[in-house]
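Subject: Structure handover and findings

Hi,

Here is the structure for your files. Please look it over before reading my notes.

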Amino acid sequence: LLQTSRRTQLEKASQALKASEARVAELIDQGRRFDEVNSQKIMFEEELERLRDAFSAQSAEQQRLGKERLRQTEQLHELETELRLAKADSESLSKRARLLED
């Protein structure tokens, strides 16, 4: 009877040990998966930061180009106005020259 009791205790202890070993293996596997997911999270955060910086730089460049375009448009209008005035002056001088020739 004592031997049967010890055998039962040994079997229970063996089952408990196997269950504990299975739980340890499961925890180790979960730890590995956590490490993988955490590494991906860090990688995605770094990529997100890089993309934010790139977007910010692109927005700044678009603003700069918008200002440059506005400046060049104003300059174009000024040059067109000067051209119209120069043509008018040229026509006026041509008329005066023809009158003087006659």
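Below are the findings, from overall form down to single residues.

**Ground rules.** This is a predicted model: local features need pLDDT of at least 70, side-chain atom pairs count only at pLDDT 80 or more, and totals for chains, interfaces and linings use all residues. Residues are numbered from 1 along each chain as its sequence is written, and side-chain values use heavy atoms, with hydrogens and water left out.

**Overall form.** The protein has one helix and zero strands. Helices (H or I, at least four residues) and strands (E, at least two) are DSSP runs, numbered from the N terminus. The radius of gyration is 43 Å, well over the 13 Å that the globule rule gives for 102 residues, so the protein is more spread out than a compact globule. That radius is taken over C-alpha atoms, and the rule is 2.2 Å times the number of residues to the power 0.38. Along the principal axes, the C-alpha atoms fill a box of roughly 145 × 15 × 10 Å.

Of the 102 residues, 0% count as buried. Buried means under 20% relative accessible area, exposed over 50%, and partly exposed in between (1.4 Å probe, protein chains only). The accessible surface comes to about 9,800 Å². Carbon and sulfur atoms hold 56% of that surface. Areas come from the Shrake-Rupley method with a 1.4 Å probe; for residues, only the protein chains shown count as cover. There are 19 positive and 21 negative charges, and their mean positions are 9 Å apart. Lys and Arg count as positive and Asp and Glu as negative; His and the chain ends are not counted. Each charge is placed at NZ of Lys, CZ of Arg, CG of Asp or CD of Glu.

**Salt bridges.** A search of the whole structure finds six. The criterion is a side-chain nitrogen of Lys or Arg within 4 Å of a carboxyl oxygen of Asp or Glu.

- R23 and E26 meet at 3.0 Å, N to O. They are three residues apart in helix α1, and therefore about one helical turn separates them. R23 is partly exposed because its relative accessibility is 41%. E26 is partly exposed too, at 39%.
- K41 and E45 meet at 3.1 Å, N to O. Their spacing is four residues in helix α1, again about one helical turn. K41 has 42% relative accessibility, so K41 counts as partly exposed. E45 is partly exposed at 43%.
- E47 and R50 meet at 2.7 Å, N to O. Both lie in helix α1, three residues apart, about one turn of the helix. E47 counts as partly exposed at 34% relative accessibility. R50 is partly exposed at 46%.

**Two further positions.** Where does A86 sit? A86 is in helix α1, which covers residues 2–101. With 42% relative accessibility, A86 counts as partly exposed. A86 and R6 are 80 residues apart in sequence. In space, their C-alpha atoms are 117 Å apart.

G31 also lies in helix α1. G31 counts as partly exposed, at 29% relative accessibility. From G31 to R52 is 21 residues along the chain, and their C-alpha atoms are separated by 31 Å.

Best regards
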